[in-house]
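Here is a walk through one protein model, from the overall build down to single residues. Keep the structure open while you read.

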Amino acid sequence: MSGEASRRAEDEAHMRAALLLAGRGLGNTWPNPSVGCVIVKDGVVVGRGWTAPGGRPHAETEALGRAGRAAYGATAYVTLEPCCHWGRTPPCTGALIAAGVARVVVALRDPDPRVDGQGLDQLRAAGIEVTEGVLRDEARVVTAGFIKRVADGLPLVTLKLASTLDGRIATRTGESRWITGPAARRAVHAMRARHDAVLVGSGTLLADDPDLTCRLEGAAKIPTVRVVADARLRTPPTARLFASTAPAWVATRPGHPAQALEALQDRGAEIIEVPAAETGAGLDAGALMRALAVRGLTRVMVEGGAALAAALLRAGLVDRLAWFHAPAVMGADGRPAADVLPLDVLAAMPRFRRVSAVSLGPDLLSEFEAA
């Protein structure tokens with residue numbers, strides 16, 4: 001192997017480790033991205049860090065603190081371009097320069113206009129060697145929610161569905177617990193932990209009264225935000241949603257009586273006013289997602305129901321689809337996973353490409369990305 005190829009292989013190996021660290025923060029660093037940093041000197045890892053809960057301290061600061069004096073002359077592997085602006089914390093570029101690192105390897109540039117190449121320019125101006133683009137595609141997957149919020153003003157949306165083989169989520173009488181088994185339900189809790197928020201429609205809230213928290217043992221994290229899309233303001237103040245200390249947001253259209261809003265606010269709900277859909281049913285899906293992004297959310301997991309799923313699919317807002325299938329058939333009188341879209345031609349169907357499939361006990365989880 002040539003010297004250049006050997007260096008590239010070493011860079012990729014350390015960046016892969018940094019990406020694994022970045023993955024630890026998914027779901028608890030918003031509105032900041034989850035970043036990983038590995039500091040290496042003479043082939044030995046001397047410091048590691050990832051973005052702390054709430055977005056601070058940053059990964060570079062954590063890694064430099066662990067490395068101490070060993071950071072001098074070392075190489076820092078960072079999954080996203082170090083910040084170069086003052087916020088609630090000093091810029092990471094200044095910390096890297098002050099620590100005397102000799103080289104910085106970055107997977108992605110930060111799309112935030114306050115950074116976007118300026119951080120790398122500061123490092124180069126300080127005499128630090130900079131290498132860009134190592135494992136860029138892998139880094140985009142980890143940073144996708146932050147990138148989409150900055151670039152499009154929208155969070156990354158994962159639609160999670162759990163159905164029979166014929167796409168039914170409840171019987172004609174409304175019975176829905178449980179279509180999938182314990183292993184699939186544990187996987188759902190793990191997905192909640194990797195998202196900033198869980199979103200359901202008011203129909204699902206009224207039918208199941210879920211608390212929507214992550215209840216995996218040992219999952220220490222900032223509580224996931226629970227959001228209800230409730231155009232008609234049907235959410236009762238007695239809902240289990242309000243029994244937890246995790247944030248609960250209720251998105252609804254303007255014009256409801258102040259007394260009804262105050263009853264929910266007294267239970268800790270934050271009310272988000274969103275325009276109604278043009279059809280008059282439900283909320284404007286795009287406006288809802290923009291409102292969540294404005295509040296800092298980067299990754300939103302949607303858990304139902306059929307009307308909300310259809311609204312997001314119609315609007316082209318579903319980035320990822322996680323479909324749990326139970327090995328059972330319910331029939332045409334069962335309730336579908338997605339409501340009417342409606343479609344007249346096959347070419348108008350929302351399409352996805354499968355990226356993975358895994359067995360969970362008797363059930364199957366298939367994950368897709370928007371095509």
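## The big picture

Of the 371 residues of the protein, 50% count as buried, where buried means under 20% relative accessible area, exposed means over 50% and partly exposed lies in between (1.4 Å probe, protein chains only). Bear in mind that this is a predicted model, in which local features need pLDDT of at least 70, side-chain atom pairs count only at pLDDT 80 or more, and totals for chains, interfaces and linings use all residues. Residues are numbered from 1 along each chain as its sequence is written, and side-chain values use heavy atoms, with hydrogens and water left out.

The C-alpha trace spans about 65 × 50 × 40 Å along its principal axes. For 371 residues, a compact globule would have a radius of gyration near 21 Å, and the 23 Å of the protein agrees with that. That radius is taken over C-alpha atoms, and the globule rule is 2.2 Å times the number of residues to the power 0.38. Among contacts (heavy atoms within 4.5 Å) with a separation of 6 or more, 69% come from residues 24 or more positions apart.

## The nine-stranded sheet

The protein has ten helices and 16 strands. These are DSSP runs numbered from the N terminus: helices are H or I with at least four residues, strands are E with at least two. Nine strands form an open, mixed sheet in the order S11-S10-S9-S8-S12-S6-S13-S16-S15; two strands pair if DSSP finds at least two bridges between them. At the edges sit strand S11 (269-273) and strand S15 (352-360), each pairing on one side only. On average, neighbouring strands are turned by 20 degrees against each other, direction ignored.

Helix H5 (residues 136-152) lies across strand S6 (156-163), strand S12 (299-302) and S13, and runs at about 115 degrees to S6. Axes here are lines fitted to C-alpha atoms, for helices over the stretch in contact, and angles run from 0 to 180 degrees between N-to-C directions.

Have a look at S6. Eight of its eight residues are buried, so S6 is largely enclosed by the rest of the structure. Leu-156, Thr-158, Lys-160 and Ala-162 point one way, while Val-157, Leu-159, Leu-161 and Ser-163 point the other. S6 runs parallel to S12, joined by four bridges, with Leu-159 opposite Val-302. S6 also pairs with S13 in the parallel sense, over six bridges, and there Ser-163 has His-325 as its bridge partner.

Leu-199 stands opposite Val-302 in S12. By contrast, S13 (residues 320-325) and S16 (residues 363-370) are antiparallel over six bridges, and Arg-320 stands opposite Glu-369.

## Two nonpolar cores

A nonpolar core is a set of buried Ala, Val, Leu, Ile, Met, Phe, Trp, Tyr and Cys residues joined through side-chain atoms within 4.5 Å. The largest one has 38 residues, and Met-15, Ile-39, Leu-96, Val-101, Val-104 and Leu-123 touch the most other members. Elements supplying at least two residues each include helix H1 (3-24), strand S1 (36-41), helix H4 (118-125) and H5. Apart from this core lies another, of 36 residues, including Leu-154, Val-225, Ala-231 and Ala-285.

Leu-96 touches, among others, Leu-64, Val-101, Val-104, Leu-123 and Ile-128, not counting residues up to four places away in sequence.

## Cysteines and a buried threonine

Cys-92 is buried, at a relative accessible area of 1%.

Thr-213 sits in the loop between helix H7 (202-208) and strand S9 (225-229). Thr-213 counts as buried, at 13% relative accessibility. Leaving aside neighbours within four places in sequence, Thr-213 is in contact with His-189, Arg-192, Arg-226 and Ser-244.
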